[in-house]
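Thanks, everyone. I will take one chain today and go through it element by element. Please have the sequence and the model open.

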Amino acid sequence: MANNQYQQVMNDKKWEEIRLSMCDYPNNNQWRTKDIETRFISTWDGEWFYHFRIGGYKCIEWLEIKVETQEIRKGVLNILKNIHVSGDVFDNVIRVYGYV
């Protein structure tokens, strides 16, 4: 990546831990990502097994996970805590940063 104003804070292993944990989560939470190079924000997608890892993880500036209830928010935050990843909570999404 040519832009050195950002610091990478996630690696492939952590992204993969999120993906696998969300595959096992009983709710089908939707997600979207922002590409740090193109600034493209993907459409919401609910398929974690194949779609999330298409193209790799190198360019994920952030990941947003929809959390439509307090119970789902608590569950997703617990998943992130268990794999030692933090996220910012907004109205109905949790955002995990790949770069800051």
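Predicted model: local features only at pLDDT ≥ 70, side-chain atom pairs only at ≥ 80, totals over all residues.

Seven of the seven residues of E2 are buried, so the strand is largely enclosed by the rest of the structure. The strand covers residues 60–66.

What does E2 pair with? On one side there is strand E1, residues 31–35, joined to E2 by five bridges, and the two run antiparallel. As a reference point for that pairing, Asp35 stands opposite Ile60 in E2. E2 is also joined to E4 by five bridges, again in an antiparallel arrangement.

Leaving aside neighbours within four places in sequence, Leu63 is in contact with Trp15, Ile18, Trp31, Arg32, Thr33, Trp48, Phe52, Ile94, Arg95 and Val96.

That brings us to the core. The largest nonpolar core has 21 residues, and those touching the most other members are Trp15, Ile18, Leu63 and Val76. Two or more residues come from each of helix H1, strand E2, helix H2 and E4. H2 gives the largest share, four residues. As a general remark, nonpolar side chains tend to be buried together in soluble globular proteins.

Now the helices. H1 runs over residues 12–24. Its 13 residues should span 18 Å at 1.5 Å a residue, and the end C-alpha atoms are 18 Å apart, which agrees. At the start of the helix, a side-chain oxygen of Asn11 comes to within 3.1 Å of the backbone nitrogen of Lys13.

Which residues of H1 are buried? They are Trp15, Ile18, Arg19 and Met22. These cover an arc of only 95 degrees around the axis, which puts them on the same side of H1. They pack against E2, H2 and E4. On the face turned away from that buried side, H1 carries the exposed residues Lys13 and Asp24.

H2 covers residues 70–82. From first C-alpha to last it reaches 18 Å with 13 residues, close to the 18 Å expected at 1.5 Å a residue. The buried residues here are Ile72, Gly75, Val76, Ile79 and Leu80. The face of H2 turned away from the buried side has the exposed residues Gln70, Glu71, Lys74, Lys81 and Asn82. Just after H2, note His84, which takes a positive phi of about 60 degrees.

The last stop is Arg95, in strand E4, residues 93–97. Is Arg95 buried or exposed? Its relative accessibility is 19%, so Arg95 counts as buried, the cut-off being under 20%. The side chain of Arg95 makes a polar contact of 2.5 Å with the side chain of Glu64. Apart from neighbours within four places in sequence, Arg95 is in contact with Trp62, Leu63, Glu64, Gly87, Asp88 and Phe90.

To recap, E2 has bridges to E1 and to E4.

Key
Residues numbered from 1 in each chain as written. Heavy atoms only, no water. Buried < 20%, exposed > 50% of the residue type's maximum accessible area, 1.4 Å probe, protein only. Polar contact = N/O pair within 3.5 Å; in protein donor to acceptor, adjacent residues only side chain to side chain. Contact = heavy atoms within 4.5 Å. Core = buried A, V, L, I, M, F, W, Y, C linked by side-chain atoms within 4.5 Å. Expected span 1.5 Å × (residues − 1). Arc of directions from axis to C-beta. Pairing = 2+ DSSP bridges.
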